[in-house]
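Subject: Structure for your review

Dear colleague,

Please find below the structure that I am handing over to you. My notes on what was found in it follow directly after.

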Amino acid sequence: MIEFIDVTKSYDGDAPAVENVSLRLPARSITVLVGSSGSGKTTLLRMVNRMVDPTSGRVEIDGEDVAARPPVALRRGIGYVPQHSGLLPHRRVIDNIATVPLLNGEPKAAAHRRASELMDVVGLDASLAGRYPAQLSGGQQQRVAVARALAGDPNILLMDEPFGAVDPIVRAELQQETLRLQHELRKTIVFVTHDIDEAFLLGDEVVILRRGGRVAQRGTPADILADPVDAFVAAFIGSDRGRRRLTISSRRPTTGADRVVVDAGGYPVGVIAAPAGQLAAGDPTPRSRGTRMAG
Amino acid sequence: MIEFIDVTKSYDGDAPAVENVSLRLPARSITVLVGSSGSGKTTLLRMVNRMVDPTSGRVEIDGEDVAARPPVALRRGIGYVPQHSGLLPHRRVIDNIATVPLLNGEPKAAAHRRASELMDVVGLDASLAGRYPAQLSGGQQQRVAVARALAGDPNILLMDEPFGAVDPIVRAELQQETLRLQHELRKTIVFVTHDIDEAFLLGDEVVILRRGGRVAQRGTPADILADPVDAFVAAFIGSDRGRRRLTISSRRPTTGADRVVVDAGGYPVGVIAAPAGQLAAGDPTPRSRGTRMAG
Amino acid sequence: MTYVLDAVRYIVEPQNWAGPDGIGLRLAQHALYVAISVAVAAVVAVPLGVLIGHTGRGRTLVVAVTGAARALPTFGLLLFVVLLSGLHLAPVIAVLVILAVPPILAATYAGVGAVDHAAVDGARATGFSEWQIARQVEIPLALPLIVGGVRSATLQTIATATIAGYVAQGALGRYLIEGLARHEYATAVVGALLVGGLALVADAGLAVVQAVAAPSGGRLAPGTPLPEGT
Amino acid sequence: GNDPLAAGEPGEVDTTLTIGSQGFAESDILAYVYGLVLADHGYEVDYQLGIGAREIFIPALRDGSIDLIADYSGNLLRAADPDATASTPEDVSAALPQALEPLGLAVLDVAPAEDADALVVTAEFAERHGLTSIGDLAPIAGELTIGSNTEFETRSYGRPGLADVYGVEGWTFLPIDDFGGPATLDALRTGRIQVADIFTTNPALQDGDLVVLDDPERLIAAQNIVPLLSEALLTDDLAGVLNPVSAQLTTADLTALNAVAAGPDKPSPEHIARDWLVENDLLEH
Amino acid sequence: MSWLLDNRALVLDLTLEHARLSAVPIVVALLASIPLGWLAHRVRVARLIVLSSFNLVFTIPSLALFVLLPLLLGTRILDDLNVMVALSLYAIAMMLRGAVDGFDHVSPAVRRSATAMGYSRAGLFWTVQLPLAGPVLLATLRVVSVGTVSLLSVAALIGKGGLGYLFTNGFQRDHPAEIVVGIVFVLLVALAFDLVLVLAGRALLPWARLPKEAGAR
Ligand SMILES: Nc1ncnc2c1ncn2[C@@H]1O[C@H](COP(=O)(O)OP(=O)(O)OP(=O)(O)O)[C@@H](O)[C@H]1O
Ligand SMILES: Nc1ncnc2c1ncn2[C@@H]1O[C@H](COP(=O)(O)OP(=O)(O)OP(=O)(O)O)[C@@H](O)[C@H]1O
Ligand SMILES: [Mg+2]
Ligand SMILES: [Mg+2]
């Protein structure tokens with residue numbers, strides 16, 4: 001469990017990037033911090049591994065103040081995946097993944113063995129081991145970054161817009177992969193994004209942040225969607241533009257007995273099964289990753 | 001009307017970026033070219049204003065081959081909005097917008113007057129006229145770029161991922177603004193994006209491209225959504241992951257009588273009104289901008 | 001350090017400024033040689049650099065040629081040209097031009113090449129001709145770097161113009177050569193101080209030019225406060 | 001170097017002799033003339049060519065940067081003792097050891113060969129102004145430009161001596177640092193300068209279009225070749241090796257050596273020196 | 001040509017001397033610029049000092065430095081050290097700017113993510129920042145190397161110029177061919193040094209010149 005206790009961070013002289021934030025992130029699930037640019041997501045995330053030290057307040061991991069731990073050792077025990085993979089351009093893929101074991105003094109052979117396993121885990125072909133990062137596609141680079149973050153076998157994984165720079169199809173693939181991985185590994189993941197759809201897809205719990213890191217709303221995706229607390233959240237998740245307010249269109253009975261569902265603006269968002277013109281209601285329960293089975 | 005007639009473009013030596021594409025884009029409506037990275041969207045778009053000349057085949061505007069027109073004059077008659085605004089960093093906002101009139105030899109006063117009007121049209125505060133681009137936010141820069149593209153009063157507007165680099169809230173605003181503008185101005189707009197949601201939102205017609213610029217499917221958003229022609233399109237629009245296949249969840253009767261709608265993965269996408277437990281079906285017709293009224 | 005004191009005393013003595021061997025004439029000669037050489041070099045290198053930066057062609061060739069030009073020993077070249085053509089000013093200028101071209105050329109094509117591609121592309125798509133792109137977009141935006149190139153060319157030329165003294169063309173190098181030949185350190189220090197002083201003045205002047213040359217939009221510190229919203 | 005302290009390795013005496021030269025062809029050749037003979041006699045020899053003027057090589061000798069250099073007796077004497085008045089070869093040779101002693105320097109035997117500075121004008125110029133000796137320059141001194149190496153201006157036979165001895169004053173100086181080489185000759189022949197300081201062994205003086213001005217007052221002292229070295233290095237053995245070489249070296253030889261150096265083949269100084277030594281049976285091995 | 005053949009021993013000697021005298025300053029510049037450049041990269045004041053001293057050193061004519069250094073160093077007039085120290089000063093000054101650029105050039109994203117992996121300060125410097133600054137360091141070092149080799153010839157005026165001897169000697173003997181030989185051999189030395197640097201770069205920085213593979217973005 002990660003806990004922010006009344007943390008504030010001011011970068012020299014400016015208005016605080018994060019102000020009096022208290023937040024508890026449950027263990028072994030994905031918490032997504034979402035908010036627009038400059039809302040302090042990255043700042044909060046980095047406090048966990050002491051890349052940023054709070055100006056006041058403290059951050060605890062399982063009840064222990066991180067400030068008491070030497071930062072280098074702390075960081076080796078926490079996985080980190082940044083937006084632009086941040087891979088070492090002068091090291092081969094296999095060495096990049098083996099970074100933390102090597103830093104921890106593991107023998108090279110063992111570290112490479114572990115790295116090879118991880119390539120498999122994150123779905124990277126073994127033939128890529130000898131390449132340099134520049135020789136990989138964006139999606140492959142992010143997979144390497146994930147593998148690298150996992151190499152120290154950390155309990156906590158910090159992911160800062162890890163899929164922000166890859167194209168939508170690849171992003172969708174990586175998102176699914178993340179869910180699959182988490183199902184297997186059950187880490188405590190803090191995931192930062194500014195894409196609300198991604199937040200709803202991945203988050204067991206979603207924390208919507210305003211400027212200054214203040215929490216606008218937190219809850220499961222379904223909670224937030226069904227019941228945005230205020231206009232800011234409504235705007236953020238798009239329900240003020242009617243994007244979330246759906247209706248079933250009559251015009252177009254398509255193949256099978258599907259009907260197109262449109263949002264309040266009249267734009268189609270998907271299709272809904274209506275066998276025999278009847279709409280099946282009351283079937284599935286909205287999922288939360290906490291209770292989810294193999295994906 | 002813009003027509004691509006069997007165009008192919010190979011950049012030196014590589015496999016063709018665009019191969020044997022024939023495509024007719026209707027006048028006075030928004031056609032969105034959508035496809036993943038490298039599918040040739042930009043290449044196709046730039047053939048229209050001769051930023052790229054096809055290796056073979058030709059592009060016609062209203063039946064006239066563009067190759068017959070001198071590129072500089074052609075470009076002054078076609079608006080262009082790139083992803084990163086491409087503004088001149090050393091010119092003030094007003095001068096950036098007035099670029100084309102000034103190039104065409106209009107007197108400065110008249111050009112500035114026209115630029116001021118356009119600032120109003122695209123929703124820029126007049127107080128920004130004297131700023132340099134670096135002093136604007138990303139969203140403001142894109143508005144300036146749109147105003148600049150409109151300054152020559154072109155019939156055609158080419159937009160290459162114009163909102164790709166701005167944050168989601170601002171992007172939603174700009175998308176709405178684009179729809180409003182188009183309703184007023186009725187240009188022939190070719191819009192490139194790799195965001196399928198944006199494509200469905202903005203396109204009167206959407207063209208989904210595969211690698212090499214080959215057309216996978218074209219049609220109105222509702223057509224494509226309801227009836228993806230093949231697995232590629234289904235994957236691209238997300239219906240293979242069940243993202244478009246919606247069901248109404250029973251679990252959570254929220255405020256009023258709304259029900260949460262979930263996709264095939266069980267993840268919530270929106271809420272639907274179900275007064276008295278009954279679902280109102282058969283109401284709105286999916287819209288297409290061709291028939292749309294003021295937004 | 002008495003040499004430095006002696007040298008300073010020599011320099012501040014007004015009578016040492018007059019006459020055919022005076023500081024005044026030699027300083028003027030030095031400044032003139034440098035000005036001519038740098039101007040000629042700029043006239044050659046700037047258009048060429050803009051052309052290369054604009055088209056992106058010929059870069060490797062120019063890198064090789066400027067590399068070789070940098071390796072050419074100025075001193076040997078000067079003596080060679082003087083042997084062939086006699087004791088004139090022209091060889092001195094020619095050699096200094098060869099010295100000054102590479103930094104200006106490199107700075108110009110690097111500067112033009114570094115102009116934000118999006119701005120150039122945007123300008124082209126808006127209907128600027130290639131010439132207008134070079135004149136109105138690339139040159140203004142690259143100007144600080146170009147002036148930076150002129151600045152380092154000027155510094156090098158000022159230091160190197162001292163060799164003019166070796167081929168009877170006067171200038172401040174005379175103090176160094178006299179100091180060396182007569183083993184009078186103070187005289188050599190006079191030369192070093194005057195050359196250094198001239199260089200500092202020229203450098204400061206060009207620094208101002210460079211600051212003024214910075215296009216207005218680019219001079220703003222990044223992160224100048226933005227208004228809320230859009 | 002001969003100074004163990006300066007060499008930084010106390011206790012280990014450096015046995016290599018470094019021979020210097022003044023940076024013009026004749027001096028380079030003489031360095032090899034003496035150096036090759038020394039090497040022939042088992043000395044370790046190293047060369048340091050092109051050091052420059054006396055103002056530099058004397059300190060270099062004294063600090064051990066070099067050990068031996070061929071110099072010119074008259075100018076050496078004036079440099080060591082600015083008040084010296086001796087000007088005939090004999091007087092100069094006699095005065096040298098004493099003048100050098102305070103500097104810790106010594107000389108070996110003086111060679112018969114002489115190579116003095118000489119003030120030279122074109123034959124045409126001499127005829128036009130009726131010039132035969134240096135003193136004849138006095139009436140037209142105001143319009144004259146004299147070209148020579150930079151140090152000429154401050155030398156005893158330069159600006160001060162010309163004024164004191166011959167009353168030649170008010171001329172303009174053009175420094176051309178090529179020791180009377182091609183640039184100086186070019187300047188003289190094209191009229192850029194009217195008078196040049198050229199060494200008497202310069203082969204160009206043989207061409208016939210140049211005239212050496214007489215020096216009846218002996219402004220320019222006798223300039224015999226003499227090996228100059230640090231006093232501490234002066235041994236009988238060294239003298240025994242080099243004095244016979246100097247004894248054989250005549251002015252005619254020197255002029256011939258310079259002619260070879262300036263000739264079409266431009267052989268290296270070492271080459272020229274070796275040929276001369278072989279011709280005169282001065283190399284034993 | 002025949003002159004070169006007749007004098008090949010002399011030219012070879014001078015070439016070796018030239019290489020020796022100019023190699024030292026190049027190496028010194030590389031070694032000195034790394035800590036200094038690092039300091040300037042990290043500390044704003046140091047950057048100011050370092051970069052303006054760059055300009056200052058360049059205002060001193062090389063000849064003056066050659067003449068005056070023995071005075072400052074207390075070395076002997078003809079000591080190799082004078083020339084090497086003088087050239088080292090220029091080389092360091094030139095090299096410093098490149099070193100600062102090189103360290104500035106290391107992507108902050110890479111640096112940050114390496115820190116997040118748990119690199120210590122020293123580890124970060126030696127295994128991340130230094131190698132990543134490598135390409136810029138190398139590019140600058142190539143310019144420095146060429147410049148030093150060419151500048152050394154001026155020291156012929158004090159008898160320490162390596163191949164520069166051929167310039168003064170050829171000048172006095174009215175022998176252009178000799179000067180040309182000098183110039184050509186200076187270029188050859190510069191070329192040889194450059195080749196060494198390029199090869200060293202390939203060996204040490206193999207990742208710096210990768211062809212991008214298809215599929216890479
Ligand atoms: N190192 C820093 N120095 C100064 N200010 C900073 C620094 N890092 C962040 N800030 C400021 O703190 C605020 C919050 O920044 P932060 O990076 O945490 O936001 P974010 O939510 O991650 O934004 P984004 O979505 O753009 O990544 C911003 O105003 C930012 O400008
Ligand atoms: N100037 C160019 N030179 C060489 N190859 C190019 C050039 N421009 C594009 N290509 C190649 O042509 C193909 C299509 O590129 P294009 O830019 O048209 O794709 P796109 O669909 O716009 O992609 P993106 O979404 O990344 O902008 C790609 O493989 C690209 O690498
Ligand atoms: Mg962030
Ligand atoms: Mg594109």
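In this predicted model, Phe163(B) and Phe191(B) are both buried. The structure holds 21 aromatic pairs over all chains, and these two residues form one of them. The ring centres of Phe163(B) and Phe191(B) are 5.9 Å apart and the planes stand at 55 degrees; the pair is therefore tilted. Phe163(B) belongs to the loop between strand E7 (156–160) and helix H7 (168–185) of chain B, while Phe191(B) belongs to strand E8 (residues 188–193) of chain B, so the pair ties together parts that are 28 residues apart in sequence.

A second tilted pair is formed by Tyr166(C) and Phe171(E), with 6.0 Å from centre to centre and 40 degrees between the planes. This pair crosses between chains: Tyr166(C) is in the loop between H7 and H8 of chain C, and Phe171(E) is in helix H8 (residues 164–172) of chain E. Tyr166(C) and Phe171(E) are both buried. Together with Phe75(C) and Phe167(E), they form one aromatic cluster.

The contact between these two chains involves 36 residues of chain C and 36 residues of chain E. Chain C and chain E bury about 3000 Å² between them, of which 84% is on carbon and sulfur atoms. How many salt bridges cross the interface of chain C and chain E? The rule finds zero there, and the count of residue pairs in polar contact between the two chains is one. On the side of chain C that touches chain E, there are 26 nonpolar, seven polar and three charged residues.

Salt bridges do occur elsewhere. Over all chains, a search of the whole structure finds 43. In one of them, Arg218(A) meets Glu205(A), with the closest N and O atoms 2.1 Å apart. Arg218(A) lies in strand E10 (residues 215–219) of chain A and Glu205(A) in strand E9 (residues 205–209) of chain A, so this pair ties together parts that are 13 residues apart in sequence.

In chain B, Glu177(B) forms a salt bridge with Arg143(B), the closest N and O atoms being 3.5 Å apart. Glu177(B) is in helix H7 of chain B and Arg143(B) is in helix H6 (residues 138–150) of chain B, 34 residues apart. Both Glu177(B) and Arg143(B) are buried.

Finally, a network of salt bridges links Arg143(A), Glu173(A), Glu177(A), Arg180(A) and Glu184(A).

With kind regards

Key. Residues numbered from 1 in each chain as written. Chains lettered and ligands numbered in written order. Predicted model: local features only at pLDDT ≥ 70, side-chain atom pairs only at ≥ 80, totals over all residues. Heavy atoms only, no water. Contact = heavy atoms within 4.5 Å. Buried area = accessible area lost by both parts, 1.4 Å probe. Salt bridge = Lys/Arg side-chain N within 4 Å of Asp/Glu carboxyl O. Polar contact = N/O pair within 3.5 Å; in protein donor to acceptor, adjacent residues only side chain to side chain. Nonpolar A, V, L, I, M, F, W, Y, C, P; charged D, E, K, R; others polar. Phe/Tyr/Trp six-rings, centres within 6.5 Å; stacked < 30°, edge-to-face > 60°. Helix = DSSP H or I, 4+ residues; strand = E, 2+ residues; numbered from the N terminus. Buried < 20%, exposed > 50% of the residue type's maximum accessible area, 1.4 Å probe, protein only.
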